[in-house]
Amino acid sequence: MSDFLPSTIQISYLVAASLFIVGLKQMSSPATARRGNLLGAIGMLIAIVATLLDQQVLNYETIAVGIILGSIIGTVMAQKVEMTAMPQMVGLLNGFGGAASMLVAMGEFWRYLYIPESLAVDSNIVVLLGVLIGGITLTGSLVAFAKLQELMTGAPITFPLQQPVNAFLFLGFLAGSGYLLVYPEEPKVFLVLVALSLILGVMFVIPIGGGDMPVVISLLNSYSGIAAAVAGFIVMNNMLIIAGALVGASGIILTQIMCKAMNRSLLNVLFAAFGTGGGTSTGSGSNIEKVVRSIDAEESAMMLGYARSVVIVPGYGMAVAQAQHAVRELADQLDRLGVEVKYAIHPVAGRMPGHMNVLLAEANVPYPQLYDMDDVNPLFEQTDVALVIGANDVVNPAARHDASSPIYGMPILDVDRAKHTIVIKRSMNTGFAGVDNELFYKDKTMMLFGSAKDVVAKLVSEVKQL
């Protein structure tokens, strides 16, 4: 009987880990993502209950207060946040994960200060890793949140000798860690290391432009997982180690996918201070004649309504305008007229991985209509009308042929190969990369200027009359 409870806890951890793995697999597809998320939540519930059954837990009252407060805060956040602000919330939650791991590390260090035995070298190393990774994740995520929320500029923030300063701060952390390994009972040195980790997090994210936030959020998500795994080693909890390792590994894989989708290395994203945040036209190095052909809502509705096939290309402009519901209504009206409607999703469209999928899912867009870039690109040549809503760099043909363009080599959606293209955009301003979009001047392209939500609403009204 004495071995029953520990065995039950470990079996529960095994079940929870299995649910995490299956849930992650199912979250790779929009059609099964909700079920995968539910399986992961059930796994976490099992892991929490099993952990609370552990006899080493001494104060259930404090834990209950934490669970209640956390549940209330999480519920309010989930209900209040707009779907368009989901990247900010994801970034903030990454920061909370880093903060939790850092606090666990700090608590472990402080615990050893008040017991006779000194902190072992291996335990001290794990604690310092928890402080470093957790601190960087916390403040880095807060800066990412501030950039996405426009509390600070989304453009890269740089200054002379920035990278040497960052290297100096990191070397300072390593030197302080070495000192603490030799003299572990030095709380002042430990607090300096905590401060250095928090500063490194800020310095890590400020030189990254807002358009690279999908990569940053993925990477910080990976950091939060690694920090959780480190916390698992600190408190000797196998479930925390497994869950953290899964999050860390999946975050790194997603980061690599995001970088591949932009044809850039991770080092380039982190240190190149890339992008202007969308200024005026700077040119892409092409000698094409820059003639813009505009169109109104009535003409656009006729083109869409009498087409056989339409591919809708959503971008960050759709998210900002919160136009996803209007877009779904437009698709429904086109479907009523017998038009085949598809959605083309670029991996880095928006401000977080899967941003467009999340928005369209909120508008109840059928999953079979969502097409990844590799699947939809061969279909553009047979598409009558490509409707681009707030997308820019991810549809710029210069990426295919202009070696002088900053986005050269980036995989794009081949909307210029459709028979006709309608681009809904507020103005002719450039996208994140700060380069002109050749698509806007193509003979087959027509510009429909205005806020995406208002323009799409007008299109819906006009299509209803067809």
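Six strands, in the order 3-2-1-4-5-6, make up an open sheet with parallel pairing. Two strands count as paired if DSSP finds at least two bridges between them. Strands (E, at least two residues) and helices (H or I, at least four) are DSSP runs numbered from the N terminus. At the edges lie strand 3 (370–372) and strand 6 (445–449), each of which pairs on one side only. From one strand to the next, the twist averages 25°.

The model is predicted: local features need pLDDT of at least 70, side-chain atom pairs count only at pLDDT 80 or more, and totals for chains, interfaces and linings use all residues. Residues are numbered from 1 along each chain as its sequence is written, and side-chain values use heavy atoms, with hydrogens and water left out.

Strand 2 and strand 3 run parallel and are joined by three bridges. Tyrosine 343 has leucine 370, in strand 3, as its bridge partner.

Two helices pack on the sheet, as the table shows. Contact means heavy atoms within 4.5 Å. Angles run from 0 to 180 degrees between N-to-C directions, and axes are lines fitted to C-alpha atoms, for helices over the stretch in contact.

| Helix 11 (297–305) | strand 1, strand 4, strand 5, strand 6 | about 140° with strand 5 |

Leucine 337 lies in the loop between helix 13 (324–336) and strand 2 (340–345). Leucine 337 counts as partly exposed because its relative accessibility is 30%; buried means under 20%, exposed over 50%, and partly exposed in between (1.4 Å probe, protein chains only).
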